[in-house]
Amino acid sequence: MGYVKAFLIYLSLLLIGLLFITPIVFMISGSLTPDAGVFAQAGGWDALWSAGVSLDNYRDVFARVDFMGYLFNSLFINGMIVGVGLLVNSLAGYAFARLQWYGRNLLFKLVLAVLIIPLEAIAVPLFYMVSLFGWRDTYWVQILPFIANAFSIYLFYTFFIGMPREMEEAARIDGAGVLRTFYCIIVPNAKPVFASVAVLTFLTQWGAFLWPLMVTSGEDVRPLPLAIATFYSLPPLQWGDIFAFGVMMVTPILVLFLLFQPWFVRGVVTSGIKG
Amino acid sequence: MASVEYRHISKVYTDDTRALEDLNLQVEDGEMMVLVGPSGCGKSTALRLLAGLDPVTEGQVLIDGKPVNESPPQHRDIAMVFQNYALYPHMTVRDNLEFPLRMMKLSRMERTKQVEETAYLLGLSELLQRRPKELSGGQCQRVAMGRALVRKPKVFLMDEPLSNLDAKLRIQIRAEIAALQKRLGVTTLYVTHDQVEAMTLGDRIAVLNGGRLQQVGRPQELYDKPDNTFVASFLGNPGMNIFSARLNSEAAIVDLADGGWQIPLESLLAQKPQMKQYLDRPLMAGLRPEAFSTQITPSAEVVVEAVEPLGHERLVYFTPSDTMSGSGQETLVARLTGLPRERVGESFRVGLDPTRLCFFNKEGEVIA
Ligand SMILES: Nc1ncnc2c1ncn2[C@@H]1O[C@H](COP(=O)(O)OP(=O)(O)OP(=O)(O)O)[C@@H](O)[C@H]1O
Ligand SMILES: [Mg+2]
């Protein structure tokens, strides 16, 4: 009985896994197939394996756009959003979770309220604002609006609230101030939440399209998702190139995820509290 | 080294819980003061106010005569051992011990020297490279003590430091703490709800109940002369027996436990003249379980309810058989030695030592 049950569970997991991986296999195999082949196979299962392996598509991508330039832009923008965001949002989460200050609860409710406002809703007024400041066509304008993030603050907040208080109190008594307690005691024991927030922020921002499209016009500061649009808008429409671009765009995310996976999965602090 | 004073301290938490009411308490330099009381009586709160972890609602906390209400924990030069030890899980034992010294900005050489001294003192030298999760409960406890002691604080606070240990270890470490405290002479506030711990460790004991200080004094003083029935029954295991008493002027006797024992009024008044004003008024008497004996008079016939053998002695629970029915007299307990002859449900004669009686008024406050 137990075996049958386990078998069924694994079988269904396998099927679901296959379902999720299929588009990615289409993409990888398509990226390796010469353009004529991609079109011929389109829509059939045989597209799952490449008709003939060639790196032409990858070569085309580099020929048609400044891929490395876009990649740098994307990495720089996202790196700043993630890096500065971790600093700002973790401190904010800590302040909400642990410090006593006037107006804290009201402000926290506001942060929670902001959670439900999508970017699309405020994109246009925000656009007016940054235009007034003269910030269009900069890295800055693509980074700044996304640093403070209500969802990240909320994640940090819930994690810090759940940490044993005595550890921080011990540090305070041992002579550490608030900030030192934060980075000597809290941060080292909060790696999982830092990893989660980093990965989640990176994932949501890596594919950002609307906002960069609105606020940038030159190639200099545009990120990858805008470059892929070039392939759709400039004929001839070459699917192989698009696939190759896609593969190269997804790879950094996978690398990042694998890098953080040990922390990301563990997700729980090992605490020094016994008994 | 330092003295500590609570001056008219009240603490009301944000949810309107009154945790402490007008606490006045002085701890002398080098003294071991034990705060004891039932759960929720405000013991931890008292420590947290002194440590600066929570703000004071009213009154002043003084260290060495200086008010410290406004200074944050890191400026008060105190150390604390928490009930769950609160070690830093990501640091080795060495780093845990070193952390307070780093905060003092001592040189590396100085730090190493002090960490190693402290580790030696507490028998932790072999464990310096371990992390907290690789330690036993007793070892964690020692590390927590070490971390508190290493920088030689003015005041040392301990909040139920032994409550997560097994009984044997608790007794062993209790003795170690007492020895260490005497040797280092650090002013210490020690919180426990265990009255045995309080009696054995404290130079003085402060008994709290419901946020109010009940009595402060040396352990034996509190044990022999409790200020009220709460202290009487809280200290000792089992606590003091409390039963009714009446000074009957007509018959010239003191009637104990509703007709249980009787002693001549004369002899009592000779001993405690201030009792005169309580003639013929309902009172309460208290007697320690060990002040009962089968060998002495006055004695009375009582009915055994239960016997708990403890090896070298036994606890005998009984009700006075002469008790008027419905008087609500509670079960009393005697600590007896010698050959056990009592059987449950049968009666036997037990006497008491009248010189060890305490008397309380209706409000439970001591008279004599
Ligand atoms: N942060 C808080 N907010 C509100 N009420 C609190 C807080 N901390 C403690 N209290 C309340 O204050 C009272 C005293 O608590 P305290 O922790 O000082 O008791 P205690 O004597 O240490 O008890 P225990 O032996 O169980 O540790 C209790 O009624 C408790 O519920
Ligand atoms: Mg407590």
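Modeller: Eight residues from domain 1 of chain B and seven residues from domain 2 of chain B take part in the contact, where contact means heavy atoms within 4.5 Å.

About 610 Å² is buried between domain 1 of chain B and domain 2 of chain B, and carbon and sulfur atoms give 58% of that area. Buried area is the accessible area (1.4 Å probe) that two parts lose on being put together, summed over both. On the side of domain 1 of chain B, B:Tyr223, B:Thr229 and B:Ala232 supply 70% of the area buried against domain 2 of chain B, more than any other three residues.

Across this interface of domain 1 and domain 2 of chain B, the rule finds zero salt bridges (a side-chain nitrogen of Lys or Arg within 4 Å of a carboxyl oxygen of Asp or Glu). The side of domain 1 of chain B that touches domain 2 of chain B draws two or more residues from each of helix H7 (219-224) and helix H8 (229-234) of chain B. Helices here are DSSP runs (H or I, at least four residues), numbered from the N terminus. H7(B) gives the largest share of that side, three residues.

Residues are numbered from 1 along each chain as its sequence is written, and chains are lettered from A and ligands numbered from 1 in the order in which they are written. As this is a predicted model, local features need pLDDT of at least 70, side-chain atom pairs count only at pLDDT 80 or more, and totals for chains, interfaces and linings use all residues, while side-chain values use heavy atoms, with hydrogens and water left out.
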